[in-house]
Amino acid sequence: MPEFDNLIGWANSKIIHDGEKLTRQEKIILIKNKIEKLSSSINLRVCYSDYKEIINCCSCEKCLRSIFGLMIIEGDPRKYGFNIDENIYNEIISSINKGFSSQGTQLFWKEIYEEARKRQKFFYFKSPHEEAILYTQILNILKNKCYSEVKKGNTIKQSIVYRYPLLFNLYLKVRRKLK
């Protein structure tokens, strides 16, 4: 939060919360453009995964959102730390079909959908024709899901996490050890 981040400092250092007015999709575009200018690559860490053995699980909602956000601006997600192939389309479709857990998540997907509508080209793995069909399918699903009522599915889990953070952290430690 910029209100707090900008107050943090030590020695001769000061924190500046940059890009607070940008949408998440605008940030993805900015990162992609900077990386292309530098002729470099970067491993983005966007994952919700509780298991920190990998950079990105490539299957949680946030990973899928970031992957598709890169694809619609012709970015190869594999160059940004996502270990995926053309099967990712089916995972994205499955995730979006489940609905959104919050209005915030719905808003992030709506930003991606609106950006995709402006674009003529997208990243594809092997077959532009076959993948264009899947890409269009995703956009059609997003069109319906982004402008409909949000399901109230995860509210119980979220309320437990927020009310009992220490207990939830203990649960995560046990779960990681059992994996």
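Colleague: Is Ile 29 buried or exposed?

Modeller: For burial, look at relative accessible area: under 20% is buried, over 50% exposed, and in between is partly exposed, using a 1.4 Å probe and protein chains only. Ile 29 comes out at 18%, so we call it buried. Before we go on, this is a predicted model, so local features need pLDDT of at least 70 and side-chain atom pairs count only at 80 or more, while totals for chains, interfaces and linings use all residues. Numbering starts from 1 along each chain as its sequence is written, and side-chain values use heavy atoms, with hydrogens and water left out.

Colleague: Which element does Ile 29 lie in, and what does it touch?

Modeller: Ile 29 is part of helix α2. Helices here are DSSP runs of H or I with at least four residues, strands are runs of E with at least two, and both are numbered from the N terminus. For touching, we use contacts, meaning heavy atoms within 4.5 Å. If you skip residues up to four places away in sequence, Ile 29 touches Ile 73, Glu 115 and Arg 119. For a sense of distance, Ile 29 and Lys 62 are 33 residues apart in sequence, and their C-alpha atoms are 16 Å apart in space.

Colleague: And Lys 32: buried or exposed?

Modeller: Buried, because its relative accessibility is 8%. Lys 32 also sits in helix α2. Beyond its neighbours within four places in sequence, Lys 32 contacts Ile 73, Glu 74, Gly 75 and Tyr 80.

Colleague: What about Ser 40: where does it lie?

Modeller: Ser 40 is in the loop between α2 and α3. At 42% relative accessible area, Ser 40 counts as partly exposed. Ser 40 and Tyr 80 are 40 residues apart in sequence, yet 10.0 Å apart from C-alpha to C-alpha.

Colleague: How many residues of α3 are buried?

Modeller: Eleven of the eleven, so α3 is largely enclosed by the rest of the structure. Among the buried ones are Glu 61, Lys 62 and Arg 65, along with Leu 64, Ile 67 and Phe 68. They pack against α2, α4, α5 and α6 (128-146). Ser 95 counts as buried, at 16%.

Colleague: How many disulfides does a search of the whole structure find?

Modeller: A disulfide is a covalent bond between the sulfur atoms of two cysteines. The test is a pair of cysteine sulfurs within 2.5 Å. By that test, the whole structure has zero. The sulfur of Cys 60 has its closest cysteine sulfur in Cys 63, but 3.6 Å is too far for a bond. Cys 146 is in no disulfide either, with the nearest cysteine sulfur, that of Cys 60, 17 Å away. Both Cys 60, at 14%, and Cys 146, at 1%, are buried.

Colleague: How do I read the second largest pocket, and which residues are closest to its centre?

Modeller: A pocket is an open set of points on a 1 Å grid over the protein atoms alone, where a 1.4 Å probe fits, with protein on both sides within 12 Å along at least five of seven lines; lining residues have an atom within 4 Å of a point. Points are joined across faces, edges and corners, and the volume is the space filled by probe spheres set on them. The second largest pocket holds about 240 Å³. Of its 15 lining residues, Arg 24, Ile 28, Val 46, Lys 62 and Ser 66 are closest to the centre. The elements giving two or more residues to that lining are α2 (24-38), α3 (61-71) and α5 (103-118), and α2 gives the most, with five.

Colleague: What about the whole chain: how many helices and strands are there?

Modeller: Eight helices and two strands, in the order α-β-β-α-α-α-α-α-α-α from the N terminus. Of the 179 residues, 36% are buried. Among contacts with a separation of 6 or more, 67% join residues 24 or more positions apart.
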